[in-house]
Amino acid sequence: MGEFELIRRYFFPIAEVGNASAVVLGPGDDCAIQRVGSGLDLVFSVDALVEGVHFPYHYDPEKLGWRSLAVAASDLAAMGADPVCFTLALTLPDADPDWLSAYAHGLASAARRFGLSLAGGDTTRGPLTLSMQVHGTVPKGGGILRSGAQVGDYICVSGMLGEAGAALDHLENDDPGPDVQAVLRRYHFPEPRLVLGRALRGYATAAVDVSDGLVADLGHILEASGVAASIDASRLPLSQHLKRLVGQSAAGLALNAGDDYELCVTLPPQVWAILPEDVRRELTVIGEVVAGEGVTIDWGDHIENLSAGGYDHFRN
Ligand code: ADP
Ligand code: MG
């Protein structure tokens with residue numbers, strides 16, 4: 001049984017009990033949405049980071065502070081939400097003041113940067129695990145779901161892809177050159193696309209953040225929308241740092257590596273034409289939504305058909 005089948009079988013049914021009518025979007029998207037009245041929807045999501053799974057053992061606590069909030073805030077960006085606050089459930093093996101002060105410092109920098117204030121939490125002893133619940137808001141009905149992609153829409157991504165994936169081979173590198181430093185920065189200090197996500201409200205038909213890899217996360221949009229994707233590999237946004245570091249492997253990393261926390265969005269060509277210039281500048285059109293199932297990649301000399309795979313905690 002895979003991660004998503006497990007969630008669907010055991011936990012999705014519980015979404016139907018209780019005051020379900022106030023929950024306008026339940027499990028299955030980047031965040032859930034609760035209608036709170038007064039013209040606003042509350043958008044919220046929880047993410048758990050486990051030592052040895054989501055970050056290496058003995059990972060720098062200051063980087064962890066930033067990264068743990070960034071990955072949670074990225075789901076708010078993917079819904080087009082305005083960030084409000086977060087709660088933190090912290091499980092620690094021991095109360096080490098040096099570790100805690102560095103962790104809190106990284107967390108505070110991220111909180112300030114993303115405009116999320118800490119509203120509460122829980123602290124327990126055990127194997128190092130951080131769970132972040134983030135809250136944001138959208139105008140009533142304004143959340144960008146995974147399910148709205150239409151045949152003919154452009155598929156766009158923000159920023160550059162594949163850099164955080166390239167960093168994985170260099171986490172232990174004691175003497176990084178400028179290219180390695182640049183990709184390590186992408187891994188250690190991801191920047192959730194909150195400003196962009198919010199600016200795409202009312203324009204994008206669907207959005208997801210790229211946490212597990214472009215093909216896998218775009219796959220969530222395709223599945224939720226009942227459509228397929230055609231991607232032009234030559235249009236993938238690849239930085240010079242990445243190309244110098246990995247050469248021919250750059251496009252593969254951009255398609256399959258995770259941890260970039262860019263946005264993948266769909267929107268109709270006529271909307272692309274009227275996007276505010278500062279929003280369009282952040283995006284690259286890499287392909288198109290088509291009818292059918294799965295993802296096809298045009299490599300110039302051949303076409304590759306992919307089923308959407310990605311990181312699955314119970315299949316690897
Ligand atoms: P993301 O990568 O955007 O954080 P996930 O892949 O973690 O999303 O989760 C996919 C969807 O499944 C989300 O909508 C999430 O709320 C839901 N989900 C995950 N675990 C559970 C669970 N134990 N109970 C209910 N819903 C869950
Ligand atoms: Mg997400």
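Is aspartate 259 buried or exposed? Aspartate 259 counts as buried, at 19% relative accessibility. Buried means under 20% relative accessible area, exposed means over 50%, and partly exposed lies in between (1.4 Å probe, protein chains only).

This is a predicted model, in which local features need pLDDT of at least 70, side-chain atom pairs count only at pLDDT 80 or more, and totals for chains, interfaces and linings use all residues. Residues are numbered from 1 along each chain as its sequence is written, chains are lettered from A and ligands numbered from 1 in the order in which they are written, and side-chain values use heavy atoms, with hydrogens and water left out.

## Two loop residues with positive phi

Aspartate 259 sits in the loop between helix H9 (250–256) and S10. Helices (H or I, at least four residues) and strands (E, at least two) are DSSP runs, numbered from the N terminus. The phi of aspartate 259 is positive, near 75°. Histidine 58 also has a positive phi, near 60°. Most residues other than glycine have a negative phi. Histidine 58 belongs to the loop between strand S3 (40–50) and helix H2 (61–79). Histidine 58 is exposed, with a relative accessible area of 79%.

Aspartate 30 lies in the loop between strand S1 (23–25) and strand S2 (32–35), and aspartate 209 lies in strand S8 (residues 206–209), so the pair ties together parts that are 179 residues apart in sequence. Aspartate 30 is buried, at 4% relative accessibility. Aspartate 209 is buried too, with a relative accessible area of 2%.

## Around ligand 1

The residues around ligand 1 include Phe4, Ile7, Phe11, Asp29 and Ser211. Asp30 and Asp75 are also among them. A residue is near a molecule or strand if one of its heavy atoms lies within 4 Å of it. By class, this shell has 4 nonpolar, 2 polar and 5 charged residues. Ala, Val, Leu, Ile, Met, Phe, Trp, Tyr, Cys and Pro count as nonpolar; Asp, Glu, Lys and Arg count as charged; the others, Gly among them, count as polar.

| Residue | Atom in the residue | Distance to an oxygen atom of ligand 1 |
|---|---|---|
| Glycine 28 | backbone N or O | 2.5 Å |
| Aspartate 47 | polar side-chain atom | 3.3 Å |
| Arginine 146 | side-chain N or O | 3.2 Å |

Taken alone, ligand 1 exposes 560 Å², and the protein buries 67% of that. Accessible areas come from the Shrake-Rupley method with a 1.4 Å probe; for residues, only the protein chains shown count as cover.

Why is strand S7 (residues 154–158) largely enclosed by the rest of the structure? Because 4 of its 5 residues are buried. Two strands pair if DSSP finds at least two bridges between them. S7 pairs with strand S10 (residues 263–267) in the antiparallel sense, over 4 bridges. Here cysteine 156 has valine 265 as its bridge partner. S7 also runs antiparallel to strand S11 (residues 283–290), joined by 5 bridges. Serine 158 stands opposite leucine 283 there.

S10 also holds cysteine 264. Cysteine 264 is buried, at 0% relative accessibility.

Strand S12 (residues 295–298) has Val295 and Ile297 on a covered face, and Thr296 and Asp298 on an uncovered one. Strand S9 (residues 228–232) runs parallel to S12, with 4 bridges joining them. Isoleucine 231 is the bridge partner of isoleucine 297. Strand S13 (residues 303–306) runs antiparallel to S12, again with 4 bridges. S12 and S13 form a hairpin with 4 residues between them. In the turn, glycine 300 has a positive phi of about 90°.

Definitions and conventions:
Polar contact = N/O pair within 3.5 Å; in protein donor to acceptor, adjacent residues only side chain to side chain.
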